[in-house]
Amino acid sequence: MKIAILGSGTVGQTLAGKLIATGAAVSLGTRDPEATKARVAAGASDGPSFSAWHAMHPTVRVATFADAAATADLVILAAAGRTALETLEQTGAENLTGKVLIDVTNPLDFSQGFPPFLSVCNTDSLGERIQAAFPNVHVVKALNTVAAPVMIAPDSVHDGNHTLFVCGNDDEAKAKVTRHLKSWFGWRDVLDLGNITNARGTEGYLLLWTRIYGTTKSPLYNVDVRR
């Protein structure tokens, strides 16, 4: 499978590294591929620079957003929430139409420090805005309620006994994404919340998530919906 990941930060790198290990052909989309490949500054949480990371994952193709998505079978949006729509505009509707887009973004605004507030909330969500802006794309909100290490290794928390949420307007797309989450990363409990308006709930959960992180100083946790 050819997968495009739009975003070269911690989430994009984490997902790309895991997906190539499953045998997928991964293209990592960024605004300026050459500048990204040359980046030597330390990554988030003092992780490796992008150039060092790419040296460890040389089979990941670094391309423009549009080039990455053009031939992809599936697209993952892993950009920062504040740039999500701009990233998709640069990718181009013609490169996204008819495809499943896994939206991992959250509308977090850190302009007033930590903890952040939501730039979109209550009667709207970033997931809904993405779907409205690209009506011919099958947007599935997923993975946005857990930290990057937990996205690809759910067993790192409570032996994997916890819940991941998906929502979106297309049932077939959600079923496909659910199968991928289970086969790629090992998620066992994936709960379909319904249509894309339910992104208001999963994005809103980040108000609590960031406060738990602020207290525990660890991103390795999740919720378990017992039913």
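How many bridges join β9 to β10, and do the two strands run parallel or antiparallel? Four bridges join them, and the strands run parallel. Strands here are DSSP runs of E with at least two residues, helices are runs of H or I with at least four residues, and both are numbered from the N terminus. Two strands count as paired if DSSP finds at least two bridges between them.

The model is predicted: local features need pLDDT of at least 70 and side-chain atom pairs count only at pLDDT 80 or more, while totals for chains, interfaces and linings use all residues. Residues are numbered from 1 along each chain as its sequence is written, and side-chain values use heavy atoms, with hydrogens and water left out.

The pair β9 and β10 belongs to an open sheet of eight strands, ordered β3-β2-β1-β4-β5-β8-β9-β10, with mixed pairing. Strands β3 (61-64) and β10 (189-192) stand at the edges with a single partner strand each, so one side of each lacks a neighbour in the sheet. From one strand to the next the twist averages 25 degrees, where axes are lines fitted to C-alpha atoms, for helices over the stretch in contact, and angles run from 0 to 180 degrees between N-to-C directions. Strands of a sheet pair through backbone hydrogen bonds, either parallel or antiparallel.

From β9 the chain crosses through helix α8 (residues 171-185) to β10 in a right-handed β-α-β crossover, that is, with the strands pointing away from the viewer, the path from the first strand over the helix to the second runs clockwise.

In a regular strand the side chains alternate between the two faces of the sheet. In β9 both faces are covered: T163, F165 and C167 on one side, and L164, V166 and G168 on the other, are all buried. Buried means under 20% relative accessible area, exposed over 50%, and partly exposed in between, with a 1.4 Å probe and protein chains only.

Helix α1 (residues 10-21) has twelve residues and spans 17 Å from its first C-alpha to its last, close to the 16 Å expected at 1.5 Å a residue; the expected span is 1.5 Å times one less than the number of residues. Its buried residues are G12, Q13, L15, A16, G17, L19 and I20. They pack against β1 (2-6), β2, α3 (50-56), β4 (74-77), α7 (148-152) and α8. Q13 counts as buried because its relative accessibility is 12%. Apart from neighbours within four places in sequence, Q13 is in contact (heavy atoms within 4.5 Å) with S8, F50 and W53. Just after α1, G23 takes a positive phi of about 100 degrees.

Rings of Phe, Tyr and Trp (its six-membered ring) pair if their centres lie within 6.5 Å; planes under 30 degrees apart count as stacked, over 60 as edge-to-face and the rest as tilted. The count by this rule is six aromatic pairs. F50 and W53 form a tilted pair, with 5.4 Å centre to centre and 45 degrees between the planes. These residues are three apart in helix α3, so about one helical turn separates F50 from W53, and both are buried. W184 and F185 form an edge-to-face pair, at 5.8 Å centre to centre and 65 degrees between the planes; both are buried. Ring pairs also link F110, F114, W209, Y213 and Y221 into a cluster.

Most residues other than glycine have a negative phi, and most peptide bonds are trans. The peptide bond from F114 to P115, however, is cis, with omega near 0 degrees, and P115 lies in the loop between β6 (108-109) and β7 (117-118). L143, not a glycine, has a positive phi of about 70 degrees; this residue is in the loop between β8 and α7 and is buried, with a relative accessible area of 2%. K217, also a residue other than glycine, has a positive phi near 65 degrees. K217 is in the segment after α10 (206-216) and counts as exposed because its relative accessibility is 64%.
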